[in-house]
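Please look over the sequence and the structure shown below before reading on.

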Amino acid sequence: MILRSLPHSVDTINAPANPPPITWEETDCPLCGRRDAELLLEAADPTPAPGQIGLRFPVVQCRVCDMVYTNPRPDRFSIGHFYPADYRPHRRPRKIATSARTRPVLSRLLGRPNPVRRGELPWPTTGRLLDFGCGGGAFLKRMADQGWQVTGLDAAVGAVHTIRDELGLTALVGSLPHPELQPCSFDVVTMWHSLEHVHQPLDVLREAFRLLVPGGRLVVATPNRDSWAARWFGSSWFGLDLPRHLSHFTPATLSTMLVASGFRVTFVRDLRHSDWLRSSAKLGVRNGLGAWSQLLTWKPLAKATAFAAYVAGQSDCMMAVAERPAY
Ligand SMILES: [Zn+2]
C-alpha cells in the first residue's frame, strides 16, 4: 500500500491547532509479519472531525494469512487525532440494561450451551481482573460490584481519571506492556472492543498471556468481518470504524492470533448487535446504497435481521475466550 491512496498529502491534513501533526505509517501484516497485501476497500471515517472530512482510509488483506488491516494508518502518536472528545466508549457509565434473564432461553432454543452476552463473563467465579481498553469503566464497575478485584487500563487519560475519581476503582493510563503490571497477576483479562484499536495486537496478546496466571482466561470481543453485515454494507459497514479500527478480524484470524500468542482457544462465538446493523444501514443510506439499506434503518426489521444473522452464525460481532494453558 502506498500513501497515494490517501486523498491528501500526509503533511497537509488539517491537524488540530496543537501539534503533534498526524503521521502516517505503512505496516507489515499484524498477524504474520509479511508485507504482501492487496487493497480490499477504502472507506471514510463515519464521524470525521471537520478538518478530516473527505479522507478515505485503505483496508488491505494479507495474501499470506488473510489478515485484514488498515494500511497505511496514523501512527500510535497521532491516532488520537481521530478520537473525538466524546468518543462513546470513553463516556462515563450510565445504568447498564440487562437482558440476561431472556438469554439462556434463547441460547437453549438455539442449542448453544454456554450463554454469553456482550459485557458479561461466561462463568460465575470472581478473582483478579484486568480490563484492557476499559473506556468509561462501565464493565469495571459492574465486575467490582460482583466482587471482582478490578484494574482498568486505557490510553484515554480523561477516562482513567474519571474511573479513579468518580468510581473509586484502580485504573492505569497506557497500553500493554505496562510497567506497573506484574506477570501472573490476573485470573482474567478482558478486551471488549479494544484489540482492533491497537497498533501491535500480537504484542498486546502476548503480554496479556504473561500477565495471566496459568489457567487464566482471556476474553476478546471484536467486530466480525466474516458476517452478513460486513459483506452487505462493504465500506459502509459500521464495524470498520476507520481509522480507529486497525485490525479487522474474522473468527479464523482472531483464533490464529490467539494461538500465535500462546493461548488455547476455548471458543469463538457470535454476539448480537442490532444497533450496529442499524448504524450500518444509516451509513449505507448516506453513501447511496439504496432502498434495502433504508429498510434496515427501521428498528424492528434491523432487530429481526440481526437475530437471523445470529441464528445463522453470521453476526457482525464476536467474542473469543482463550486460556493460558496450565502447563
Ligand atoms: Zn499476514
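**A guided look at the fold**

Of the 327 residues in the protein, 43% are buried, where a residue counts as buried if 20 or more other C-beta atoms lie within 10 Å of its own, as exposed if 12 or fewer do, and as partly exposed in between, with C-beta atoms placed from the backbone. This is a predicted model, in which local features need pLDDT of at least 70 and side-chain atom pairs count only at pLDDT 80 or more, while totals for chains, interfaces and linings use all residues. Residues are numbered from 1 along each chain as its sequence is written.

The protein has nine helices and 13 strands; helices (H or I, at least four residues) and strands (E, at least two) are DSSP runs, numbered from the N terminus. Two residues are in contact if their C-beta atoms, placed from the backbone, lie within 7 Å, and among contacts between residues at least 6 apart in sequence, 70% join residues at least 24 apart.

Seven strands form an open sheet with mixed pairing, in the order 8-7-6-9-10-13-12, two strands being paired if DSSP finds at least two bridges between them. Strand 8 (170-173) and strand 12 (264-271) stand at the edges with a single partner strand each, so one side of each has no neighbour in the sheet. From one strand to the next, the twist averages 15 degrees.

In soluble globular proteins, nonpolar side chains tend to be buried together. A nonpolar core is a set of buried Ala, Val, Leu, Ile, Met, Phe, Trp, Tyr and Cys residues joined through C-beta atoms within 7 Å. The largest such core here has 77 residues, and those with the most contacts inside it are Val 189, Ala 208, Leu 218, Val 219, Val 220 and Ala 320. Strand 13 (residues 317-323) gives the largest share of this core, six residues. Which residues does Val 189 contact, leaving aside its neighbours within four places in sequence? They are Leu 130, Phe 132, Ala 208, Leu 211, Leu 212 and Leu 218.

Ala 208 is also one of the buried residues of helix 4 (residues 201-211), together with Pro 201, Val 204, Leu 205, Glu 207, Phe 209 and Leu 211. What covers these buried residues includes strand 6 (128-132), strand 9 (186-192), strand 10 (212-223), strand 11 (247-248) and helix 6 (251-260).

Some backbone details remain. In the loop between strand 9 and helix 4 lies His 193, which has a positive phi of about 55 degrees although it is not a glycine. His 193 is partly exposed, with 19 other C-beta atoms within 10 Å. Asp 241, in the loop between helix 5 and strand 11, is not a glycine either, yet has a positive phi of about 40 degrees; Asp 241 is buried, with 21 other C-beta atoms within 10 Å.

Definitions and conventions
Axes are lines fitted to C-alpha atoms, for helices over the stretch in contact, and angles run from 0 to 180 degrees between N-to-C directions.
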